[in-house]
Amino acid sequence: MRIPPLSLAARLVVWCWRHGGLVAALALALVVPAGWLAVTKLSLDTDETHMIADHLPYRQAEQRFDRAFPQTMDRLVAVVDGATPEQAEAAAEALVQRLTGNDLFLSVERPPAELFFHRNGLLFLPERQLEDLADRLIRAQPVLGGLAADPTLRGLLGSVSLMLMGVERGEASMADLDPILSALTQAGDSVLAGRPRPLSWQGMMTGHEGNSRRFVITRPRLDYGQMIPGDDASRAIRKAAQGLDVQVRLTGPVALTDDNFRTVAEGVGMASLLSLSLICALLLLGLGSLRMAGAVLLTLLAGLVLISGFAAVAVGVLNPISVAFVALFVGLAVDFGIQFTMRFRDDLFREYHGDRGNGDRAMAQCAPAIVRPLSVVAAATSIGFLSFLPTAYVGVSQLGLIAGLGMIIGLMATLTLLPALLSLVPSPPEREPPGFTRLAPLEQHMRRHGVGVLAGIAMLALVASTVAPKLAVDFDPLHLQDSKAESVATFRDLAASPETNPYVLNALAPSLAEADIMAARLWGGPVAYAMTLSSLIPEGQAEKLAILDDLNQLIGQSLHPAFPAAPPSAAETRRAVAETAARLGPHPLATTLRSLLERGRTEQFEHMVTASLPGLLAFLRISLEGEEITAATLPPELVRDWIGTGGEARVEIHPAGDLSAQGAMADFVAAVRVVAGGVSGPPVAIIDSGGMVMAAFVQAGLYALAAVLVLLGVVLRRLGEILLVLAPLAVGGMFTMAAMVALGVPVNFANIIAFPLLLGIGCAYNVYFVLNWRAGMGLLLPSATARAVLFSALTTGVAFGALALSPHRGTASMGLVLMVSLALMVLTSFIMLPAAFALMERRR
């Protein structure tokens, strides 16, 4: 067969084939410095807020709030959960003391509002409820007095004995003692059962258990020289929490970002290793030659190093989306090598039947035939990526830049380094055609029934079009992270409680008076309540202070004993236990106390029932000495959280109900915006960023579609052939959306990149087929091109499938959607195109 005239690009391919050693040396000279740049200059930023352009209105509102309240930025929050409120309170105080002075932290503090309510909480109770509490404390005065003088098990049981004596004299009834006796029985039984549970004196005295969760707010010195900037601070908190006998979990922006980085890095590393292993196996199976597979793999790795070096220079810092360029490049650029090598094998067989001496002629035949389709495919795929550049979605815009130019780098590596490497290893003889010859009868059958095949596809597409509109959208960045990560699980735990729900909105008003007016207008509907600094000044203080003053007159002195008892000996404690058990008679507590004595568990029992006493007594002493609260007497550290650095007054707006319900978050944001402009907070970020992302991808899709249409028009110049490329693409896209609905995978920040990307990938495979069909290819499925497309799709699917195994849910969903869509695209093309080719041939 006559060798056609060579274009400039084809001549470059042949020149590289003939000068393989020189080209390989030049490639190495480029790869080494690119690798050094990638290793030393490339870093990762896992903060999702940096993936959105700063000029957007909601981002500007966030920045205004951060400037007004800088202490809310970069927080690492320790959530302390105890068995009782007193235990959690003591542990939180101990944790603050242990961390104070540590150079790893800019500040360590309890939330000012938490401390404020701990001291003044009784003034915020309804007057009737406060009166009931006062009555309970008055009845408990003998016990409280005895415990204040002797806060040990001996003193506690002594008070119980005094109360029992009162029952014997008819001054009280056993019903009056039932709360304390039942509580002591439960505490003792828990010790005997091996599951000790502390006694909550606050719950017993007040009639409700109270909140057993406390917070410690830290602002760590973030070390951006480390891969995980907040890791040292997190380790310090965990070390300080040892021995506190409570659960301490970390969350907040710093912990969420650090955990996000861990899962992203783990997922990318795992995906890269797995995809590389499977790609090697598929290359060997598809190409049928270890030497050819090695050449393709080396070319792929060289291109990956080069694009990584470019990323280090062009962007420097990757994000959780753009870091996926590794898997995308491997999955897409490997197609170039497979197509090139399979074409080379086909030419060896068809023209020269395995004659090794004709490798030069085989390459000269291969070069002009493969350059054009590879260039068109690379351009189409690159366009699909580069269409992200003009959008405000910075995360994907960055990915578009790296991967878009990566396709060009991958093409250049395929046209230069790959033929050079193939020349350095003798090509094996081709004794059989490299295509799937056994599929010829199947395609002939599909061609004979072309109308029926296309009608069946059209019916399936119609069904998919009725399902696709049900595709859900979820732009909550928390849902992209590993749900098992401690920071994420803790954040969700907080969100489940109305008191600690972080999904609140913040608005700024020029003054406190205007903030109060705004808050009053916000109440109702999807808004549960709105708070300002004025909300911290309780109503009806005169009446409540009078109740507290009367209570202090009655029991206050007993809380301050003049002569505290000396600590008892072990023998005295055991004697008190025995005496109380004898006095109780048949009461269940008597049996429990005797069992504790017999098993030697009195010391552990004492700890369970007296550990929280100091906290209760301190709480009562402080609360009974309450003073009137005014704006002037509020603690400065509390005021700092409500009045900004520029005098702005903060309005904190809490949602009513569960924001995870369909449309609830959007309704909440819309209702607040009717009253307050420039609001910020997670719900606004989720709603506005989601709208921005959808708009960005519509924009990117239109850009990509227009550019690809122009490209196909220039290359194909026939409307029918352009439709042959685009029709399977449209049908495959419809099938993809229907599959996402069936799999329960919503559109999110990560996997939405699949849609414009599919335009490039889908065009690529169809362009190969259409150009080869135009050049006179007979049957499609038995051809070397079909084999190349199939194994290219398998290797690309492996790369994407490896991402689907990532613990980072965003990366995993992106990998899953790309893998499923790729499979559907290829399957659609393999079914539609043979039938369409047959119909067009008949028309001609």
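**Helix pairs and sheets**

Modeller: In this predicted model, helix α31 crosses helix α32 in the left-handed sense.

Biologist: At what angle do α31 and α32 pack, and how far apart are their axes?
Modeller: Helix α31 covers residues 784–804 and helix α32 covers residues 809–843. The angle is about 160 degrees, and the axes lie 7 Å apart. The two helices are therefore roughly antiparallel, since an angle over 145 degrees counts as such.

Biologist: Which residues make the contact?
Modeller: On the α31 side they include Ala786, Val789, Leu790, Phe800 and Leu803. On the α32 side, Met814, Leu818, Met819, Leu822 and Phe830 are among them.

Biologist: And how many of them are nonpolar, polar or charged?
Modeller: The contact of α31 with α32 has 15 nonpolar residues and five polar ones, with no charged residues.

Biologist: Let us go to α28 and α29. How are they arranged?
Modeller: Helix α28 spans residues 682–716, and helix α29 spans residues 719–743. Their axes are 9 Å apart, at an angle of about 135 degrees. The pair is therefore described as oblique. As for handedness, α28 and α29 cross in the right-handed sense.

Biologist: Which residues touch there?
Modeller: Helix α28 contributes Leu709, Leu712, Gly713 and Leu716, while α29 contributes Glu721, Ile722, Val725 and Leu726. By class, the contact of α28 with α29 holds six nonpolar residues, one polar and one charged.

Biologist: What about α1, at what angle does it cross α16?
Modeller: Helix α1 (residues 8–18) and helix α16 (residues 394–424) cross at roughly 30 degrees, and their axes come within 7 Å. This crossing is right-handed.

Biologist: Now the sheets. In what order do the four strands of the open sheet come?
Modeller: The order is β3-β4-β2-β5, and the pairing is antiparallel. Strands β3 (105–109) and β5 (247–251) are the edge strands, so named here as each pairs on one side only. From one strand to the next, the twist averages 20 degrees.

Biologist: How many bridges link β2 and β4?
Modeller: There are six bridges between strand β2 (residues 76–81) and strand β4 (residues 213–220), in the antiparallel sense. As one point to find on the screen, Ala78 stands opposite Val216 in β4.

Biologist: Which helix packs on this sheet?
Modeller: Helix α4, residues 85–99, packs on the sheet and touches β2, β3, β4 and β5. The direction of α4 makes about 15 degrees with that of β4.

Biologist: There is also an open sheet of three strands; what is its order?
Modeller: That sheet runs β7-β9-β8, with antiparallel pairing. Its edge strands are β7 (505–509) and β8 (527–531), each of which pairs on one side only. Neighbouring strands are turned by 25 degrees against each other on average, with direction ignored.

Biologist: How many bridges join β8 to β9?
Modeller: Four bridges join β8 to strand β9 (residues 649–655), and the two run antiparallel. Within this pairing, Val527 has Pro655 in β9 as its bridge partner.

Biologist: Which helices lie against that sheet?
Modeller: Helix α20 (residues 512–522) packs on the sheet and touches β7, β8 and β9; its direction makes about 15 degrees with that of β9. Helix α27 (residues 664–675) also packs on the sheet, touching β7, β8 and β9, but its direction makes about 145 degrees with that of β9.

Biologist: Lastly, the whole chain. How many helices and strands does it have?
Modeller: The chain has 32 helices and nine strands. Its radius of gyration is 36 Å, well over the 28 Å that the globule rule gives for 844 residues, so the chain is more spread out than a compact globule.

Biologist: And what box do the C-alpha atoms fill?
Modeller: Taken along the principal axes, the box is roughly 120 × 60 × 55 Å.

How values were computed. Residues numbered from 1 in each chain as written. Predicted model: local features only at pLDDT ≥ 70, side-chain atom pairs only at ≥ 80, totals over all residues. Heavy atoms only, no water. Axes fitted to C-alpha atoms, helices over the stretch in contact; angles between N-to-C directions. Parallel < 35°, antiparallel > 145°, perpendicular 65-115°, else oblique. Left-handed = near helix turned anticlockwise from the far one by under 90°. Contact = heavy atoms within 4.5 Å. Nonpolar A, V, L, I, M, F, W, Y, C, P; charged D, E, K, R; others polar. Pairing = 2+ DSSP bridges. Rg over C-alpha atoms; globule rule 2.2 N^0.38 Å.
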